[in-house]
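Visitor: I have a model open and would like a quick tour. Where do we start?

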Amino acid sequence: MLKTTWNDVSAKNVEQKDFIATLFDRKHGKSTIKIVCPFCDTKFFAYIWSLAGIGKRCPDCGAMFGSGGVAYKRRDLNERQSMENRGEANSYDV
Ligand SMILES: [Zn+2]
């Protein structure tokens, strides 16, 4: 698994996608949300506070989820190289 880190995000060595998070449960002041990974369709749960803090990583593909509703997945270096060759390395879907 390719673990995405915030260093990859700040280095822009990532692909980014919006993700869907729905409120699943609210107990003892802790709100649980259900997340669907936009990269691999894995469904998992996270506390809102953990998402807002250090972020949450997809257990299957290692993509990183932040509080802004955007998920980041580290680019494979070979893939990035081939994208640079095509001049697409800096084009992101927004
Ligand atoms: Zn995933």
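Guide: Start with a term: two residues are in contact if their C-beta atoms, placed from the backbone, lie within 7 Å. Keep in mind that this is a predicted model.

Visitor: Which residues does Gly69 touch, not counting residues up to four places away in sequence?
Guide: Gly69 sits in the loop between β6 and β7. Its C-alpha is 5.7 Å from that of Phe19, although the two are 50 residues apart in sequence. With residues up to four places away set aside, Gly69 touches Asp18 and Phe19.

Visitor: What phi does Gly69 take in the hairpin of β6 and β7?
Guide: This hairpin has 4 residues between the strands. Gly69 belongs to the loop there. Its phi is positive, near 80°.

Visitor: How many bridges join β1 to β7?
Guide: Strand β1 covers residues 14–18 and runs antiparallel to β7. Val14 stands opposite Arg74 in this pairing. The bridges between β1 and β7 number 5.

Visitor: Which residue in β7 is the bridge partner of Phe65?
Guide: Strand β6 (residues 64–65) pairs with β7 in the antiparallel sense, over 2 bridges. Met64 stands opposite Tyr72. For Phe65, the bridge partner is Ala71.

Visitor: Which strands are the edge strands of the open sheet?
Guide: The sheet has 4 strands in the order β1-β7-β6-β5, with antiparallel pairing. An edge strand here pairs on one side only. That gives β1 and β5 (56–57).

Visitor: Why is β7 largely enclosed by the rest of the structure?
Guide: Look at burial along the strand, residues 70–74. Buried means 20 or more other C-beta atoms within 10 Å. Strand β7 is largely enclosed because its buried residues number 4 of the 5.

Visitor: Which elements give two or more residues to the largest nonpolar core?
Guide: This core holds 10 residues, among them Ile33, Ile35, Met64, Phe65, Ala71 and Tyr72. Phe65 also touches Ile35 and Ala71, among others. The elements giving two or more residues are β3 (30–36), β6 and β7.

Visitor: Which residues is Lys17 in contact with, leaving aside neighbours within four places in sequence?
Guide: Lys17 lies in strand β1. It is partly exposed, with 16 other C-beta atoms within 10 Å. The contacts of Lys17 are Pro38, Phe39 and Ala71.

Visitor: How many helices and strands does the protein have?
Guide: Read the elements from the N terminus: α-β-β-β-β-α-β-β-β-α. The count comes to 3 helices and 7 strands.

Visitor: What share of contacts between residues at least 6 apart in sequence joins residues at least 24 apart?
Guide: Burial comes to 15% of the 94 residues. Contacts are a separate tally, taken between residues at least 6 apart in sequence. The share joining residues at least 24 apart is 40%.

Methods
Residues are numbered from 1 along each chain as its sequence is written. This is a predicted model: local features need pLDDT of at least 70, side-chain atom pairs count only at pLDDT 80 or more; totals for chains, interfaces and linings use all residues. A residue is buried if 20 or more other C-beta atoms lie within 10 Å of its own, exposed if 12 or fewer, and partly exposed in between; C-beta atoms are placed from the backbone. Two strands pair if DSSP finds at least two bridges between them. A nonpolar core is a set of buried Ala, Val, Leu, Ile, Met, Phe, Trp, Tyr and Cys residues joined through C-beta atoms within 7 Å.
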